[in-house]
Amino acid sequence: MKIAITGKGGVGKTTLAAGLAKLFAQDGYQVYAVDADPDISLGTTLGVPEKLLAAQPPLIEMRDLIKERTGAGGGLYILNPQVDDVLDKYAIDLGQIKLLRMGGYKQVGSSCYCPENAFLNAVVNSLLLGKHEVVILDFGAGIEHLTRGTARGVDLMLIVTEPTRVSVDTTRVIRQMARDMEVARIKVVGNKIRSPKEKDFLYRSFSKDEILGCIDFDETLWEKAMLEDPRGLEEVIQKSVKQVFDQVISERGEVTETKG
Ligand SMILES: Nc1ncnc2c1ncn2[C@@H]1O[C@H](COP(=O)(O)OP(=O)(O)O)[C@@H](O)[C@H]1O
Ligand SMILES: [Mg+2]
């Protein structure tokens, strides 16, 4: 199952991605955690030591590799480069979790076309899965850089939202984009909920079916924003995300059924 996580900057995408990755891993799944959010890295949030992260630069920075595979030069390049070996060669092996540092997609206006993005999309497409494998894609704020083919390969898109008007509006924009790209399932996850009033606000903003679950505001996680090194909060993150994880598992059953 491929799960893509998106939403406005700072809403908690990486926190959710890290929590889900850990919980799936604990449940015996092989997890491919793909970091494509240019902000605080998924690796750091997963508690991976800096030395290990530094040894494997993000794919987007591997210019020679991208050039070699896409044949980029003179404005022409291959749209679906061969990348079958990339995962094995460049993923950081954390045992049950393999972390692929992709780096953020390039912002290229309204077009998703450039060699770098073609390369990253090909990598996402190359992750084809067995029954006990799951891919968690931590995307940045938008999904406009995905091709339709890549978007169609996503089984479940989670749009993280805070209980604010701005975040809800962004969520609706992303939801529309995802629908246009024919993403199979699109669900909203509320985060940083401090009161029943805030939860009500989200349930008034989206239909009940659409909301997969809500994550409460957590003081320890919030204070993490002040820390130089935010490692060591993996357990708190897992606890916060557990309910949403259970919902994802039940969605998983439905996805497997519909896909056969
Ligand atoms: N449920 C929560 N309660 C309090 N703080 C949270 C919660 N979820 C995330 N945060 C904090 O919000 C900040 C942004 O989270 P992050 O996951 O990096 O967002 P994004 O990846 O969407 O930019 C981090 O400092 C994180 O610790
Ligand atoms: Mg992030």
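Me: Why is Asp37 called buried?

Reply: In this predicted model, Asp37 has a relative accessible area of 8%. Buried means under 20%, so Asp37 is called buried at 8%.

Me: What makes Thr14 count as buried?

Reply: The relative accessibility of Thr14 is 10%. The limit for a buried residue is under 20%, and Thr14 therefore counts as buried.

Me: How do you know that Thr14 and Asp37 coordinate the magnesium ion (ligand 2)?

Reply: The OG1 atom of Thr14 and the OD atom of Asp37 coordinate the magnesium ion at 2.0 Å. Donors are N, O and S atoms within 2.8 Å of the metal, so both atoms qualify as donors at 2.0 Å. As water is not among the atoms, the site may look incomplete.

Me: What makes Thr14 and Asp37 a pair that links distant parts of the chain?

Reply: The two residues are 23 residues apart. Thr14 belongs to helix 1 (residues 13-26), whereas Asp37 is in the loop between strand 2 (30-36) and helix 2 (42-45).

Me: Which other residue of helix 1 can be described, and why is Ala17 called buried?

Reply: Ala17 has its place in helix 1. Its relative accessible area is 0%; buried means under 20%, so Ala17 is buried.

Reply: Ligand 1 is surrounded by 19 residues, and the closest are Gly10, Lys13, Thr15, Asn191 and Leu221. Helix 1, strand 7 (186-193), strand 8 (211-216) and helix 10 (219-224) each contribute at least two residues to the shell around ligand 1.

Me: How much of ligand 1 does the protein bury, and where does the ligand sit?

Reply: Ligand 1 taken alone exposes 560 Å², and the protein buries 95% of that. The space that ligand 1 takes is the largest pocket.

Me: Why is Lys192 called buried, and what is its phi?

Reply: Lys192 has its place in strand 7. Its relative accessible area is 19%; as buried means under 20%, Lys192 is called buried. The phi of Lys192 is positive, about 60°, although Lys192 is not a glycine.

Me: Why is Glu182 called partly exposed, and what is its phi?

Reply: Glu182 is found in the loop between helix 8 (165-180) and strand 7. The relative accessible area of Glu182 is 42%. Partly exposed covers values between the buried limit of 20% and the exposed limit of 50%, so Glu182 is partly exposed. Glu182 also has a positive phi, of about 65°, although it is not a glycine.

Me: Why is Val166 called exposed, while Arg172 counts as partly exposed?

Reply: Val166 lies in helix 8, and helix 8 is also the place of Arg172. Val166 has a relative accessible area of 53%; exposed means over 50%, so Val166 is exposed. Arg172 has a relative accessibility of 30%, which lies between 20% and 50%, and it therefore counts as partly exposed.

Me: What separates the C-alpha atoms of Arg172 and Val166 from that of Val188?

Reply: The C-alpha atoms of Arg172 and Val188 are separated by 9.6 Å, and these residues are 16 residues apart along the chain. For Val166 and Val188, 22 residues apart along the chain, the C-alpha separation is 15 Å.

Terms used: Residues are numbered from 1 along each chain as its sequence is written. Chains are lettered from A and ligands numbered from 1 in the order in which they are written. This is a predicted model: local features need pLDDT of at least 70, side-chain atom pairs count only at pLDDT 80 or more; totals for chains, interfaces and linings use all residues. Side-chain values use heavy atoms; hydrogens and water are left out. Donors are N, O and S atoms within 2.8 Å of the metal (3.2 Å for Na, K and Ca); water is not among the atoms, so sites may look incomplete. Helices (H or I, at least four residues) and strands (E, at least two) are DSSP runs, numbered from the N terminus. Buried means under 20% relative accessible area, exposed over 50%, partly exposed in between (1.4 Å probe, protein chains only). A residue is near a molecule or strand if one of its heavy atoms lies within 4 Å of it. Accessible areas come from the Shrake-Rupley method with a 1.4 Å probe; for residues, only the protein chains shown count as cover. On a 1 Å grid over the protein atoms alone, a cavity is a set of points where a 1.4 Å probe fits but cannot get out, and a pocket is an open set with protein on both sides within 12 Å along at least five of seven lines; lining residues have an atom within 4 Å of a point. A molecule sits in a cavity or pocket if more than half of its atoms lie within 2 Å of its grid points.
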